[in-house]
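Hi everyone, thanks for coming. Let me put the structure up, and then we can walk through it together.

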2 protein chains.
Amino acid sequence: MSIQEIKGILLEIKKLGSIGSLLHWDQETYMPEGSGDIRAEHIAYLSSLAHSKHTGKRFHSLLEKIVDMKTGEPLDKNVGAETKRLYYLTWKDHRDAVALPLEFVEEFSRHGAKSQQVWARARQQNDYEAFAPYLEKMVQLKKQEAEYYGYETTPYDSLLDKYEPGMTSGRITALFDELRGPLIRLVQNIKNSGTEINEKPLTQSFDVDKQWEFGLEVAKAMGYDFKHGRQDKSAHPFTTSFHPTDVRITTRLQEDLFKTGIFATIHETGHALYEQGLPAADYGTPFGEPVSFGFHESQSRLWENCVGRGKQFWEHFYPILKQYFKKPLSGISMEQFYRMINTVTPSLIRVEADEVTYSLHIMLRFEIEKKLINENLPVKELPEVWDQMMEDYLGVRPSDYKDGVMQDIHWSMGGFGYFPTYALGNLYAAPIMNQAREEIPHLEEKIKTGDLLPLREWLLEKIHCKGQRLFAEELILDLTGSPLSAKPFLDYLEEKYSEIYEIKRPRA
Amino acid sequence: MSIQEIKGILLEIKKLGSIGSLLHWDQETYMPEGSGDIRAEHIAYLSSLAHSKHTGKRFHSLLEKIVDMKTGEPLDKNVGAETKRLYYLTWKDHRDAVALPLEFVEEFSRHGAKSQQVWARARQQNDYEAFAPYLEKMVQLKKQEAEYYGYETTPYDSLLDKYEPGMTSGRITALFDELRGPLIRLVQNIKNSGTEINEKPLTQSFDVDKQWEFGLEVAKAMGYDFKHGRQDKSAHPFTTSFHPTDVRITTRLQEDLFKTGIFATIHETGHALYEQGLPAADYGTPFGEPVSFGFHESQSRLWENCVGRGKQFWEHFYPILKQYFKKPLSGISMEQFYRMINTVTPSLIRVEADEVTYSLHIMLRFEIEKKLINENLPVKELPEVWDQMMEDYLGVRPSDYKDGVMQDIHWSMGGFGYFPTYALGNLYAAPIMNQAREEIPHLEEKIKTGDLLPLREWLLEKIHCKGQRLFAEELILDLTGSPLSAKPFLDYLEEKYSEIYEIKRPRA
């Protein structure tokens with residue numbers, strides 16, 4: 001059977017990828033500082049092995065026996081829907097793997113490495129002009145890449161598809177249009193509410209060892225399986241998986257950044273639960289993969305925001321937290337604490353943004369990416385566009401490039417199409433959480449007692465264990481009975497923050 | 001050029017091996033306990049990839065263009081000595097890789113895994129009869145393996161060759177014959193000396209964090225490069241290398257086992273210095289490899305015993321150690337401490353044996369391995385032979401199997417031929433250390449001041465950076481001008497221990 005042999009090769013490719021992930025994990029956690037060169041070589045070798053298996057004659061000749069190589073449709077018209085989808089995803093991955101000429105991949109990889117270095121230095125020196133030529137070239141390369149991959153409507157769609165399969169820029173534009181106005185208004189209402197929340201107590205000294213312990217306690221309560229996972233420290237928190245039985249998270253703790261540390265752990269644990277819940281039996285096939293980057297983000301944000309920044313959660317955990325941090329939290333009520341972890345402040349930096357303003361940061365990046373890739377916006381005009389949009393969306397204006405247009409690493413690496421997935425994560429998370437509330441009896445009461453496992457089980461059953469059997473929007477529809485919209489997320493924010501900031505809401 | 005292409009494939013094989021070593025390292029240090037199955041699968045996959053590259057048609061057809069496939073001699077008679085050797089080693093590795101039929105490799109691997117499990121359980125229950133059939137089968141498999149590999153004199157030589165290339169059992173027998181009598185006499189003299197050394201103070205409580213710090217300080221002084229290495233904790237100390245720029249050691253510390261901890265660190269650092277010193281430019285070719293298992297062991301033992309258990313070393317480090325451990329070492333003089341770390345006590349357990357009795361443990365295993373592989377000693381008679389030899393060699397007799405014939409894991413895994421390399425390490429180390437003393441001006445004085453780098457540099461230049469360009473005995477001859485003999489090791493032991501145990505030595 002052709003498909004069995006194809007699955008055999010896909011399994012090899014997956015193993016090489018998983019092994020590469022371990023090398024990455026080690027690089028970010030324990031690798032000695034002087035070992036970077038050989039590590040890069042080892043990782044590149046694993047990639048090249050995987051790539052050559054995927055693009056080899058053998059794979060092609062097996063695949064063309066079962067699908068129409070132009071469309072990915074099965075040649076046997078009698079196969080079931082699931083098999084049809086498996087064939088299609090397999091064909092699509094293969095099509096993408098063979099789409100880029102080797103010379104292009106090499107040029108891209110060289111330029112990406114260089115461009116990232118230049119960005120890091122230029123950012124430090126607040127020197128946009130030094131970076132601009134590299135960004136210019138990167139934009140050209142990505143346009144070329146889009147041409148190689150092909151697309152139906154705009155080149156940007158082709159880049160987006162690599163992170164969010166099945167999603168188009170037209171669809172995201174519509175969703176973001178739905179979101180923009182109400183979000184800007186909400187931020188305005190919060191600003192005008194007159195309510196001021198003093199969050200200074202959370203920047204006192206919180207012992208990092210205790211932060212570590214408390215984080216582990218929360219991760220355990222969320223159902224993160226430490227027999228098949230672990231937490232380590234790294235410069236930037238991340239989650240990585242080598243298989244559903246070995247999924248690891250990292251965190252970064254700092255004495256005066258309590259909020260950052262705990263929400264990073266909850267966020268990464270959300271990602272990790274998804275990876276631990278993927279169907280191990282499908283390891284190596286497209287069905288063993290997560291739905292999309294945005295869907296992955298929905299899992300981390302559901303736990304971080306809908307659960308972890310919720311009042312019910314802290315009804316159980318705040319008394320425990322107070323045991324860990326008697327001194328810094330003395331005299332601070334649960335209600336005060338809840339407000340302190342939910343302050344909203346329009347600011348310049350995306351990664352420090354709160355739950356309300358975060359999506360605005362993303363939306364302006366999305367608009368800019370479309371302009372760069374589809375509409376030939378000159379790179380030299382980018383800072384002006386950026387600053388103006390910051391003003392329009394968030395009411396703040398950067399005074400330099402460092403904390404403005406040059407703040408993120410993504411564009412220097414050519415990661416166009418990645419940003420929107422962060423905001424999609426929010427949009428997916430809200431209806432999923434609503435659905436969980438409907439289906440899990442007394443969910444809020446359970447969360448109040450620290451019993452988070454019913455939610456973890458529900459997510460496992462409804463989402464995680466399905467792997468990539470459905471695209472993101474199909475899964476949302478399947479799960480909630482309604483098509484994806486920005487409304488659940490907006491409703492969630494308005495309700496929560498109207499209460500926190502005591503905003504008078506117009507009667508419905 | 002055929003050889004360039006061959007080197008390309010060898011480099012790929014080496015990379016796969018190095019990556020596999022990282023997977024092993026992770027397994028012993030940080031891997032979650034429930035992730036063993038997928039890890040085993042990933043490691044096995046890397047091995048199979050490497051094996052198929054080594055045994056593939058492409059490699060064979062390249063190789064036969066440059067060497068006589070029957071002998072490994074270069075077809076071009078004009079190549080230089082080094083190239084000739086490179087060809088020979090390349091041919092030999094390939095010959096060994098293709099020698100074993102796939103079914104045999106699989107059977108061996110299956111039986112090895114099973115046999116190891118049975119050994120572990122049977123050992124706990126002191127049940128030799130349960131283990132015997134598995135050992136019996138293992139011996140048969142190893143005999144078969146020897147036939148596949150082929151040999152000149154005895155089947156055991158073929159097994160030995162995998163650990164100690166160029167060494168024969170005849171040669172080791174001669175060396176051990178030289179060693180046996182004097183060693184047994186020395187142990188007897190020590191016993192009869194009447195000197196008793198109380199080493200109880202070293203089993204007091206030594207804070208493990210401080211042990212860790214002190215170990216790192218010593219490793220640094222030895223020249224271990226922490227920019228390209230690190231120390232972690234594991235159940236059994238080991239050294240592993242992914243490239244000369246990434247060489248890692250592990251240790252195991254216990255409050256009441258100060259001696260074990262520090263000498264494990266020094267021992268592993270000795271191994272690590274060798275790996276860090278191997279020629280990076282030869283990474284992937286046989287010249288980038290260490291000489292042999294025995295030679296590797298010579299580096300760890302030279303540092304552990306000749307340096308680390310020497311008086312000069314502690315002249316510098318004992319005052320530092322006393323700063324770390326004021327309480328347990330209070331009132332203990334440097335001279336007392338020196339004796340406590342050099343006690344000699346014939347005992348049942350190899351891994352706990354001192355520098356004098358250690359080789360006797362090895363020699364009896366070597367004799368038994370020859371009997372099993374070459375002389376058809378029935379496995380059921382093994383315990384009786386073991387106990388009798390323990391009595392003859394060490395004057396002690398096991399009262400059970402657990403601490404007798406079943407104490408080591410090696411035979412259960414089929415590691416016949418491995419043991420002798422431990423004792424060869426001692427034999428190599430002694431003349432190397434003598435030579436270092438001759439060539440490095442004021443070496444002893446330097447060691448007394450903690451200046452260990454001249455020795456590290458000398459070993460680097462004379463041994464490490466040469467990789468596998470010479471066989472062990474060639475290298476000893478080259479280095480010292482004399483063929484390998486047991487005399488330097490014996491002289492070293494007699495001088496050191498006659499002083500420690502105040503033995504009257506007959507006048508020369």
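Before the interface, one term: buried area is the accessible area, with a 1.4 Å probe, that two parts lose on being put together, summed over both. Please keep in mind that this is a predicted model, where local features need pLDDT of at least 70 and side-chain atom pairs count only at pLDDT 80 or more, while totals for chains, interfaces and linings use all residues. As for bookkeeping, residues are numbered from 1 along each chain as its sequence is written, chains are lettered from A and ligands numbered from 1 in the order in which they are written, and side-chain values use heavy atoms, with hydrogens and water left out.

So, how much area do chain B and chain A bury between them? About 2,900 Å², with 64% of it on carbon and sulfur atoms. On the chain B side, Tyr30(B), His42(B) and Tyr45(B) supply 20% of the area buried against chain A, more than any other three residues. Counting contacts (heavy atoms within 4.5 Å), 34 residues come from chain B and 34 residues from chain A.

Now the charges. I call something a salt bridge when a side-chain nitrogen of Lys or Arg lies within 4 Å of a carboxyl oxygen of Asp or Glu. Six of these run between chain B and chain A. One of them joins Asp26(B) to Arg248(A), with the closest N and O atoms 2.8 Å apart.

Which elements give two or more residues to the side of chain B that touches chain A? In chain B they are helix H1 (2-29), helix H2 (36-55), strand E1 (229-233), strand E2 (239-243) and strand E3 (246-251). These are DSSP runs numbered from the N terminus, helices being H or I with at least four residues and strands E with at least two. H1(B) gives the most, with nine residues.

Another cross-chain salt bridge pairs Asp246(A) with Arg39(B), the closest N and O atoms being 3.5 Å apart. It goes from strand E3 (residues 246-251) of chain A to helix H2 of chain B. Are these two residues buried or exposed? Asp246(A) and Arg39(B) are both buried, where buried means under 20% relative accessible area, exposed over 50%, and partly exposed in between (1.4 Å probe, protein chains only).

Let's stay with the strands of chain B for a moment. Four of the five residues of E2(B) are buried. E2(B) pairs with E3(B) in the antiparallel sense over four bridges; for strands to pair, DSSP has to find at least two bridges between them. A hairpin through two residues joins E2(B) to E3(B). Within this pairing, Ser241(B) has Val247(B) of E3(B) as its bridge partner. Val247(B) has a relative accessible area of 0%, so it counts as buried. Among the residues that Val247(B) touches, beyond four places away in sequence, are Tyr224(B), His228(B), Ala272(B) and Gln276(B).

Last stop: salt bridges inside a chain. Over all chains, the structure holds 79 salt bridges. In chain A, the side chains of Arg469(A) and Glu82(A) meet in one, at 3.2 Å from N to O. That pair links distant parts of the chain, 387 residues apart: Arg469(A) is in the loop between helix H18 (453-462) and helix H19 (472-480), and Glu82(A) is in helix H4 (residues 81-99). Arg469(A) is partly exposed because its relative accessible area is 22%, and Glu82(A), at 45%, also counts as partly exposed.

That's my tour, and I'm happy to take questions!
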